[in-house]
Amino acid sequence: MRIIVCENYEEVSKKAAQMILSQVTLKPNSVLGLATGSTPVGMYKNLIQMNKERYIDFSEVKTFNLDEYYNLPRTNEESYYHFMYENLFNHININSENVNIPNGMAEDIEAECARYDEAIKESGGIDIQVLGIGNNAHIRFNEPTVNFEKGTHLVELDESTIQANSRFFDDIDDVPKKAITMGVGAIFKSKKIMLLACGENKAEAIYNTVYGKVIPEVPASILQFHNDTIIILDKAAAKLLKKEDYKTA
Ligand code: GLP
């Protein structure tokens, strides 16, 4: 794991966008694994700006999103489908046929999960996977559990995740209790992984990710085994790390 600590959120966002820029410059038909949550929003803003200024071209890029709420229509403003179009896809020159987001409304969820895994495989696999992290160290919606799930699957959300995500809904009862998420197995197949975390409330999850035992109770800890993972943090999220373990940007 390479760890880079930036001064603040703005710097993290810039650095992350530059990583995507170099990936897409080197391989214009890159397959990007994208994430939701508030953390990557700044990176998306930078990418939109770069696209406007024609530094980056998304016309051949393919994307796969990590997760989607179960049983929440795409038209709902809190769906991850809506989030991705609002925060990125509506503002860049991507071909919507190249955009993939799990369908949380599918009648046959198992078939939908299998279809999603197959589509990732057919695309040749993910070149760079962007990840955020939950306060409980979940990645995507892989909640702390007793085993690492490999493929895309339906998951019951943790109470703490429901609580954290309730800030986007009028009422905590409106927060979906389940979601479809890519599994941890797909992470290993991603050629590169870029985990972003900002703020003090992520410091403990980051500490456990970097130094903790690799156990499913700390889903992100599995990244210790991946050979091309970069973690980009602000100072607050890096608070518990030893200075010799990271570089400053
Ligand atoms: C949600 C998403 C995760 C994300 C997490 C943290 O639970 N499913 O993929 O990493 O939120 O979000 P934030 O970046 O807003 O802290």
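A salt bridge here is a side-chain nitrogen of Lys or Arg within 4 Å of a carboxyl oxygen of Asp or Glu. The model is a predicted one, so local features need pLDDT of at least 70 and side-chain atom pairs count only at pLDDT 80 or more, while totals for chains, interfaces and linings use all residues. Residues are numbered from 1 along each chain as its sequence is written, and side-chain values use heavy atoms, with hydrogens and water left out.

The whole structure turns up 7 salt bridges. One of them joins Arg-2 to Asp-228, with the closest N and O atoms 4.0 Å apart. Arg-2 sits in strand E1 (residues 2-6) and Asp-228 in the loop between helix H7 (203-211) and E10, so this pair ties together parts 226 residues apart in sequence. Helices (H or I, at least four residues) and strands (E, at least two) are DSSP runs, numbered from the N terminus. Arg-2 is partly exposed at 47% relative accessible area, as is Asp-228 at 25%; buried means under 20%, exposed over 50%, and partly exposed in between (1.4 Å probe, protein chains only).

The closest N and O atoms are 2.8 Å apart for Lys-27 and Asp-127, and 3.3 Å apart for Asp-127 and Lys-191.
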